[in-house]
Amino acid sequence: MGSFPVNDLSLSRDALFLGFDSSTQSLKATVLDSNLNIVTSQQVHFHSELPHYETQDGVYRDPSINGRIVSPTLMWVEALDLVLKKLSISNSNLDFGKIAAVSGSAQQHGSIYWKNGASAMLSSLDSRKPLVDQLSDAFSTKESPVWMDSTTTAQCREIEKAVGGALELSKLTGSRGYERFTGPQIKRMFETQPDVYKNTERISIVSSFMASLLIGAYASIDETDGAGMNLMDIKQRAWSKIVLEATAPGLEEKLGKLAPSHAVAGHICSYFVERYNFNKDCLVIQWSGDNPNSLAGLTLSRPGDLVISLGTSDVVFGITKNPQPRLEGHVLPNPVDPESYMVMMGHKNGSLMREDVRNRCAEKSWDVFNKFLQQSPPLNGGKLGFYYKEHEIHPPLPVGFHRYVLDNFTGESETLDGLNEFEVQEFDPPSEIRALIEGQFLTMRAYSEKFDMPSPKRIIATGGASANQNILRSIASIFGCSVFTVQQPDSASLGAAVRAAHGWLCNKNGSFVPITCMYGSLEKTSLSCKLAATPGDGQIVNKYSLIMKKRMEIESRLVQKLGRC
């Protein structure tokens, strides 16, 4: 690491730091004290607490357009007031005036379209009225395309072609063209709803959108989340002219400027000072994406560390100084270290797929699900499953379930010779559950190896399913290393609060300081990790390696037959 000018690195003793996570299904808030211990947290579940938006799991699935998935923009606006109200009611001792800085995490890729004249509405918010009432007419479309959307295949190919192919786009922006990425989504908006695009003065992504609400002005997109758009040159950390021109006319003006992730977006606006008693000097640090914030919350600092985030989508990521963009996976600037990068691989069918199998096979009970997972043996007797409730990214396969049994499988073979598969229509419930879990993590391991991620010395698991001990044991056995967890499964809002403190410290110092300077003894903070599962029998890892190779053979044939791009 290079040298950085460093002055006083202490956080103010009584200061608090607030982190949000605007995810697909909820808005969470976590407050840390100056010792980086959690003071309180709250969340708003969109489906149950904002039912008038009539979303399912926080989104609309358009029945008339295959693969079109959006969220109502105003739902996110209303959720911000609601979560702050819940924070103030649930903890009467919480003094909003002591919050020195706020930052946030958000689902990546989603886009928001502010209509012409919206900046005036944003800058004149009245603290006596809810945000949702004042911003109801601020958007040129009230539906925001989100990361689950898969309608932009044609736009992806056109953008790739404009820069010389998929690999060239990956080398330039950190990723090949992906349907959920913001650039292809903007291109599709321009092509299919030109009036919406024409009537838009600013395009935000979810992270910069939420920051804009807090500062009462348009916040910049940060460089890390900006790398999830297929629009930013990751080496220059600036918008790529050639990609912007291939996407839509006049786009750079609508996107605004980029900013480092540790920078100050602005001071919190008077709306929140007057309505919730925030201090007028409270800083809003640039928001970023959920996975980058998880990296901060998990104190990831070594190339041998790998994170598996088990959420609506499942994501595996690590850090590197020398990224090599490929056709698979993503490279993004590290949000807490300007000299390194995140390498990341996402799989769309995560927790909702696990819940679907639980509901079908385990009486809608996680206890029954876990009992069946324990009943079925590792390697599942040679039963392999591919389960896609949504169009998948890695591999690029459409909605559908595929089940196979390996003929003559004993678990003792050291080669694939004689291991021929035949397809079946169904498994018994225990086999179905293990086929799902093993399949998800065998795929994750295969793709992380394909992307040349460092072989993990330890895995840190986060997200809702990281509380499931049986799933953690499977991860440890499949990857062949120990799995650790953190105190708070939602590492994104925790990481956002850590980033709020880090941004405050950088601002105090007058320049960037390494985030590790804040940590001290992690064991005494809410950032500490604990051992949750060990790999056990070394032979099982080799057996899983063999099964993984067979799985990838079958997957390759499925992609050739059914692949979407």
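Q: Which is Cys517: buried, exposed or partly exposed?
A: Heads-up: this is a predicted model, where local features need pLDDT of at least 70 and side-chain atom pairs count only at pLDDT 80 or more, while totals for chains, interfaces and linings use all residues. Residues are numbered from 1 along each chain as its sequence is written, and side-chain values use heavy atoms, with hydrogens and water left out. Buried means under 20% relative accessible area, exposed over 50% and partly exposed in between, with a 1.4 Å probe and protein chains only. Cys517 has a relative accessible area of 35%, so the label is partly exposed.

Q: How many disulfides are there?
A: A disulfide here is a pair of cysteine sulfur atoms within 2.5 Å. The sulfur of Cys282 is too far for a bond, because the closest cysteine sulfur, in Cys269, is 11 Å away. Cys517 is in no disulfide either, with the sulfur of Cys506 nearest at 9.3 Å. By this rule the count is 0.

Q: What is the angle between helices H2 and H9, and which term describes it?
A: Helices (H or I, at least four residues) and strands (E, at least two) are DSSP runs numbered from the N terminus. The axes (lines fitted to C-alpha atoms over the stretch in contact, angles running from 0 to 180 degrees between N-to-C directions) of H2 (residues 73-90) and H9 (residues 206-215) come within 11 Å and cross at roughly 45°. Under 35 degrees would be roughly parallel, over 145 roughly antiparallel, 65 to 115 roughly perpendicular, and the rest is oblique. So the pair, at roughly 45°, is oblique.

Q: Which residues of H9 make the contact with H2?
A: Contact means heavy atoms within 4.5 Å. H2 brings Thr73, Trp76, Val77 and Leu80. From H9 come Val206, Phe209, Met210, Leu213 and Leu214.

Q: How far is Phe451 from His330 in space, C-alpha to C-alpha?
A: Phe451 is in the loop between H17 (429-450) and S24 (458-462), and is buried at 6% relative accessible area. Phe451 touches His330, among others. The two are 121 residues apart in sequence, but their C-alpha distance is 9.1 Å.

Q: What is the phi of Asn230 near?
A: Most residues other than glycine have a negative phi. Asn230, buried at 1%, lies in the loop between H10 (223-226) and S11 (232-233). Its phi is positive, near 60°.

Technical notes
Lists of a residue's contacts leave out its neighbours within four places in sequence.
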